[in-house]
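Reader: Please take a close look at one part of this model, the place where the two chains meet. I would like the cut-offs stated along with the values.

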Amino acid sequence: MSATAAVRTRAVAGAPTRRRIWSYWRFYLALSPFYVLFAVFGLYPMLSTIVLAFQRWDGLSARKFTGLDNFAFLVRDPTFWQALENTVVLFLMSTVPTLVIALLLAVMLQSAVRFTSVYRIAYFIPNVTSLVAMAIFFSSIFSTNFGLVNAALRSLGIPQQDWLGQPWGIKIAISTMIVWQWVGYNTLIYLAGLQAIPKEQYEAAKVDGAGPVRTLFSITLPQLRPVVLFTVIMSTIGGLQTFTEPQVMVGNSGGTGQSGMTVVLFFYRAAFLDNDYGYAAAIALSIFLLVLLFTAINWRVFRGRGEDR
Amino acid sequence: MTRIRWRGLALHAVLVLALLVFLFPFVWTIIMATNTTADIYRFPPKFSFGGHFFDNVRHVLDNVAFFQSMANTAVVAISTTLLVLFFDSLAAFTFAKFRFPGRNALFVILLATMLLPAQLAAVPQFQTMALLGWVGSLKALIIPGAANAFGIFWMRQYFRSSIHDELVEAATLDGCGFFGTYWHVALPSARPALAFLGIFTFVGSWNDYMWPLIVLTNPDHVTLQVALSTLNRAHGVDYSMVMTGALLAMIPLVIVFALFARQFIKGATEGAVRG
């Protein structure tokens, strides 16, 4: 591009002619990798997923159009409802403790003066380790005969539990791992949010005679709302797609009573173990709708009404 | 004075307790990896490091193609990271500093793609890979992830606030072309942002599990995560060996994280507070 062209293109206003559009080719070229990859590996497959959801196909024989059959079967499939319930229960069992603990730790970390960067780095480490390795670790400590959790219980005189053989035990094991992995990440996000709150507001509250509890509810939490919204949305999107933890800890079956069966594990089984591609496509669409629904709910609850930012 | 001191001590006691909880799984993994399974199975369990680490490593190597899968994972993670850094920062710079027809529409499309769950594309994507002949090949892991919306969005935020328009104009007047300006002005100024995006991408790629499980059909040609899950499924009773594999699989991540931890944490939190 010539020396003045880039400057000139910035000044061009109004409807561009064909020749002018051509003069922007460098910009379009710079953007093209993402859009080309998205078209080939994102948009096209997603559109074919929509078509596939109305078909019956095992990957080998010809595709057969079956209308809404897949969806009709889906809403009557008890495993689907079980998977949906498990996913939501696991999401609540892991997200609520994660965010509450993270908020408490962040408040404490903010008032700590020394070693804060040591804490930050150590707290973040669980988030950057191998998911599969840690899922194996957690299934080992929850193991019935030789697990550390039962060893601890026995030394306290409490009878051992069959953690990974019981529906509730499976859920506890999975959510424990998720909490361990995400508390530190969310703590750092909250800490950054806390540090962005202007100090004057706290001083003003002190002058007005507000105690620590009052300050927490009238200043800290309202100011932190956008950051909380961010963490809730991230946890929702992640939580609704839980796959590795249950798959490694209890296997493709979802474990006893299928209580570790999440919607994504259900999808994985339908598609890549049962080769029931049309049905899997219908499940994938339901996951997408679920993500949209939960994001919308979060948005409403945490943004509140009358705010448009 | 003393009251404040006690409060400070109590505060640090809680923070240190949390730190121990967060780090405990790594310590226990090392303990398991250096002992025999029989030691681990004892009651009460052995809480000290043992001398069996190299035996355990040998067992891992006997049971899975560990180095092969680690090499596969490294190839995938490194090439994905380099491609993402290049393509995302180039696109982000274009979005942040230039005007051209369709810019806003393209950007809205970019944002919308972030809401789409990966499962929505997985089945046809597998068919596409079969059509291209990429099933079983590392290309199937590298190419689809070579550019992503999150990275472009994130880098754009950075470029918008860190590079002045005048700097871009001055570079252009000095005879730098569009690409030259990107290379000589934008990239050097974006080092912290690139460091964060690079580690984020590397870790994500290193840990990716479901898609490699689906698309790498040859058991001898898998990534580390898949090899590890295979090891666990086949030899789950031999904890020491499996945990040794787990430990080895984490070491590269820990090294990468240790090298860039400060920058990474700064970046990770900045995005959330700004966005």
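**The two chains and their interface**

Author: For chain B, the unreviewed UniProt entry places the feature "transmembrane region" at residues 70-93, 105-123, 129-154, 193-214 and 239-261. UniProt positions are given here in the numbering used for this model, with feature names shortened, and such annotations may be inferred rather than shown by experiment. This is a predicted model, in which local features need pLDDT of at least 70 and side-chain atom pairs count only at pLDDT 80 or more, while totals for chains, interfaces and linings use all residues. Residues are numbered from 1 along each chain as its sequence is written, chains are lettered from A and ligands numbered from 1 in the order in which they are written, and side-chain values use heavy atoms, with hydrogens and water left out.

Now the interface. Chain A has 92 residues in contact with 92 residues of chain B, contact being heavy atoms within 4.5 Å. The size of an interface is often given as the accessible area lost when the parts come together. Between chain A and chain B the buried area is about 8,200 Å², and carbon and sulfur atoms give 79% of that; the area is the accessible area (1.4 Å probe) that two parts lose on being put together, summed over both.

Helix α3 (residues 25-52) of chain A supplies the largest share of the side of chain A that touches chain B, with 18 residues. Helices (H or I, at least four residues) and strands (E, at least two) are DSSP runs, numbered from the N terminus. By class, this side of chain A has 68 nonpolar, 19 polar and five charged residues. Here Ala, Val, Leu, Ile, Met, Phe, Trp, Tyr, Cys and Pro count as nonpolar, Asp, Glu, Lys and Arg as charged, and the others, Gly among them, as polar.

Between the chains there are 14 residue pairs in polar contact, both residues at pLDDT 80 or more. A polar contact is a pair of N or O atoms within 3.5 Å; within protein, one must be able to donate a hydrogen and the other to accept it, and residues adjacent in sequence count only if both atoms are side-chain atoms. The count of salt bridges between chain A and chain B is zero, a salt bridge being a side-chain nitrogen of Lys or Arg within 4 Å of a carboxyl oxygen of Asp or Glu. Over all chains the structure holds three salt bridges. One joins the side chains of Arg56(A) and Asp276(A), at 3.9 Å from N to O.

As for the annotated spans, UniProt (unreviewed entry) lists "transmembrane region" for chain A at residues including 27-54 and 168-192. Residues 27-54 of chain A are 93% helix and 0% strand, with end C-alpha atoms 39 Å apart. In chain B, residues 70-93 are 100% helix and 0% strand, and their end C-alpha atoms lie 34 Å apart. Residues 129-154 of chain B are 54% helix and 0% strand, with 29 Å between the end C-alpha atoms.
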